[in-house]
Amino acid sequence: MKRTYSLSFLTVPDLEPADAIRVAAETGYERVGLRLLPAAASGEGLYPILTDPSVLKEAQAALADTGMRVGDVEIVRLKPQTKVDDFIPFLDCAAALGAANILVAGDDGDHARLTQTFAAFAELAGRYAMTADLEFMPWTGVRNAGEANAIVQAAAHPAGGVLADALHWDRSGGKAEDLTAIPRASIHYFQLCDGLADYDTSDEGLISIARGGRLMPGDGGIDLVSFLRALPDDVPISVEIASLERTRQMPANERAALALHKAMEVVELSMAE
């Protein structure tokens, strides 16, 4: 079965949206991920594609020229005070791009309240024909696959999903059964990268690696074969290699091409007997 690959925003964060779309097309991806809202609480403002109509038009033109599709858009953070209607401008922009999936982070340790908020956001995303995919990250209010799955299943909306990132899966315990316990219908895509076997386990260390210290698939110590075998083989793979070093040292098109090549190698290995 032919896999579908998406070029994650964090693999080429130095590119403007239209350029990222063109690089993804030129290097062999079928989809591209774009960031519209900041990932961090400070130091990162709204992205121009959300606030500047000309940037959106350039991205739409690049999509039309290349035939590319937008996979996921980032990043919706659900906090204790979140009102989901505040995300309508974000959703309007995502819909204008034809996005399929929305990356959602759970920044609320009260899981009962977070479940209600997630259910409301999934309902809103569903109206836009997009999925809302809750990513577990060890330093957030949703620390592992089990917690994410419990929230998504309790929210009980068909647009809701669990987003598994190989790095966060490994750092939160890395058991295949945590992934196979997620219903197939709740996995719309997942993220692939690698990471060092030895690492700083503090929240600060985990965040630093996640946002700028990832490795190409196959270059680290994560059991990616088990990760891949535990997940559906018919959903897109977002290749997410956030690496400050590679961004400084390697042109974006070379970075994207290498990331895809390494991802495909690991996928092929996972399919071997």
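Predicted model: local features only at pLDDT ≥ 70, side-chain atom pairs only at ≥ 80, totals over all residues.
Local features were considered at pLDDT of at least 70 and side-chain atom pairs only at pLDDT 80 or more, while totals for chains, interfaces and linings use all residues. Residues are numbered from 1 along each chain as its sequence is written, and side-chain values use heavy atoms, with hydrogens and water left out.

Strand β6 spans residues 160-165; here helices (H or I, at least four residues) and strands (E, at least two) are DSSP runs, numbered from the N terminus. Six of the six residues of β6 are buried, where buried means under 20% relative accessible area, exposed means over 50% and partly exposed lies in between, as computed with a 1.4 Å probe on protein chains only. In a regular strand the side chains alternate between the two faces of the sheet. In β6 both faces are covered, with Gly160, Val162 and Ala164 buried on one side and Gly161, Leu163 and Asp165 buried on the other.

Strand β5 (residues 131-135) runs parallel to β6 and is joined to it by four bridges, two strands being counted as paired if DSSP finds at least two bridges between them. Within this pairing, Glu135 has Leu163 of β6 as its bridge partner. Between β5 and β6 the chain passes through helix α6 (residues 145-155), and this β-α-β crossover is right-handed, in the sense that, with the strands pointing away from the viewer, the path from the first strand over the helix to the second runs clockwise. Strand β7 (residues 190-192) also pairs with β6 in the parallel sense, over two bridges, and Phe190 in β7 is the bridge partner of Ala164.

The structure holds five aromatic pairs, defined for rings of Phe, Tyr and Trp (its six-membered ring) whose centres lie within 6.5 Å, with planes under 30 degrees apart counted as stacked, over 60 as edge-to-face and the rest as tilted. Among them, Phe87 and Phe121 form an edge-to-face pair, with 5.6 Å centre to centre and 75° between the planes. This pair links the loop between β3 (69-78) and α4 (88-96), which holds Phe87, to helix α5 (residues 111-127), which holds Phe121, across 34 residues. Phe87 is buried at a relative accessible area of 12%, and Phe121 is buried at 0%. Phe190 and Phe227 likewise form an edge-to-face pair, with 5.7 Å centre to centre and 85° between the planes. This pair links strand β7 to helix α10 (residues 224-229), its members being 37 residues apart, and both Phe190 and Phe227 are buried.
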